[in-house]
Amino acid sequence: HLELVESGGGLVQPGGSLRLSCTGSGFSLDDFSLDDFAIGWFRQSPGKERGPVACVNSDGGGQDYINSVKGRFTVSRDAKNTIYLQMNNLKPEDTGVYYCAARRGYACYFVHLKYNYWGQGTQVTVSS
């Protein structure tokens, strides 16, 4: 069973930056790797449904972003079991609970139903 844990959220002023982390664990400690999973970042803003933000393919070679965060957010993954969402020049409309999600396979999607595993979310608040 894959478990995902997000961290790094908080309160930041407009124009500030945050880096979210998504760490995976589970299966056998000897052979577990998030390299087999594509990862998506989603957020749920107040009064809105959960929607996509960014995603990265299982090998890290391809990423995709929604238009409103292009040029400001960067998703990356390290050699271990952690995926990052670097968020720069944050805006009040970026406020929400951010979730990472994983699906076994190469390609990532902006469709939440494609993902089998979800973290508990981390709150990001952009406010002056």
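A residue is called buried when its relative accessible area is under 20%, exposed when that area is over 50%, and partly exposed in between. The exercises below apply this definition and others to a predicted model.

**Exercise 1. Classify Arg-43, Arg-72 and Asp-94 as buried or exposed, and determine how their side chains are linked.**

Step 1. Begin with accessibility. Arg-43 has a relative accessible area of 11%, so this residue is buried. Asp-94 is buried as well, because its value is 1%. Arg-72 has 8% relative accessibility and therefore counts as buried.

Step 2. Consider the charges. Side chains of opposite charge can pair when their charged atoms come close. The cut-off for a salt bridge is a Lys or Arg side-chain nitrogen within 4 Å of a carboxyl oxygen of Asp or Glu.

Step 3. Apply the cut-off. Between Asp-94 and Arg-43 the N to O distance is 3.0 Å, and the two side chains form a salt bridge. Asp-94 belongs to the loop between strand 8 and strand 9, whereas Arg-43 belongs to strand 4, so this pair ties together parts that are 51 residues apart in sequence.

Step 4. Repeat for Arg-72. The closest N and O atoms of Arg-72 and Asp-94 are 2.8 Å apart, and this pair is also a salt bridge. Arg-72 is located in the loop between strand 6 (63-65) and strand 7, and Asp-94 in the loop between strand 8 and strand 9, so the pair ties together parts that are 22 residues apart in sequence.

Step 5. Conclude. The structure holds two salt bridges, and Arg-43, Arg-72 and Asp-94 are linked by them in a network.

**Exercise 2. Derive the strand order of the open four-stranded sheet and locate Ser-21.**

Step 1. The order of the open sheet is 1-3-8-7, and its pairing is antiparallel.

Step 2. Strand 1 and strand 7 each pair on one side only, which makes them the edge strands. From one strand to the next, the twist averages 15 degrees.

Step 3. Examine one pairing. Strand 3 and strand 8 run antiparallel and are joined by six bridges. Arg-19 has Gln-86 in strand 8 as its bridge partner.

Step 4. Ser-21 is placed in strand 3 (residues 18-26). Its relative accessibility is 14%, and Ser-21 therefore counts as buried. Leaving aside residues up to four places away in sequence, Ser-21 touches Val-5, Glu-6, Ser-7, Trp-41, Thr-82, Ile-83 and Tyr-84.

**Exercise 3. Describe the nonpolar cores and identify which members of the largest one touch the most other members.**

Step 1. The largest nonpolar core has 27 residues, of which Trp-41, Phe-73, Leu-85 and Met-87 touch the most other members.

Step 2. Among the elements that give two or more residues to this core are strand 1 (2-7), strand 4 (37-44), strand 7 (73-77) and strand 8 (82-87).

Step 3. Another core, of six residues, lies apart from it and includes Ala-38, Cys-55, Cys-108 and Tyr-115.

**Exercise 4. Characterise the surroundings of His-112.**

Step 1. His-112 is found in the loop between strand 9 (96-104) and strand 10 (117-118).

Step 2. Its relative accessible area is 40%, so His-112 is partly exposed.

Step 3. Not counting residues up to four places away in sequence, His-112 touches Phe-42 and Trp-118.

Step 4. Gly-51 is 61 residues from His-112 along the chain, and their C-alpha atoms are separated by 7.7 Å.

Notes
Residues are numbered from 1 along each chain as its sequence is written. This is a predicted model: local features need pLDDT of at least 70, side-chain atom pairs count only at pLDDT 80 or more; totals for chains, interfaces and linings use all residues. Side-chain values use heavy atoms; hydrogens and water are left out. Buried means under 20% relative accessible area, exposed over 50%, partly exposed in between (1.4 Å probe, protein chains only). Contact means heavy atoms within 4.5 Å. A nonpolar core is a set of buried Ala, Val, Leu, Ile, Met, Phe, Trp, Tyr and Cys residues joined through side-chain atoms within 4.5 Å. Two strands pair if DSSP finds at least two bridges between them. Axes are lines fitted to C-alpha atoms, for helices over the stretch in contact, and angles run from 0 to 180 degrees between N-to-C directions.
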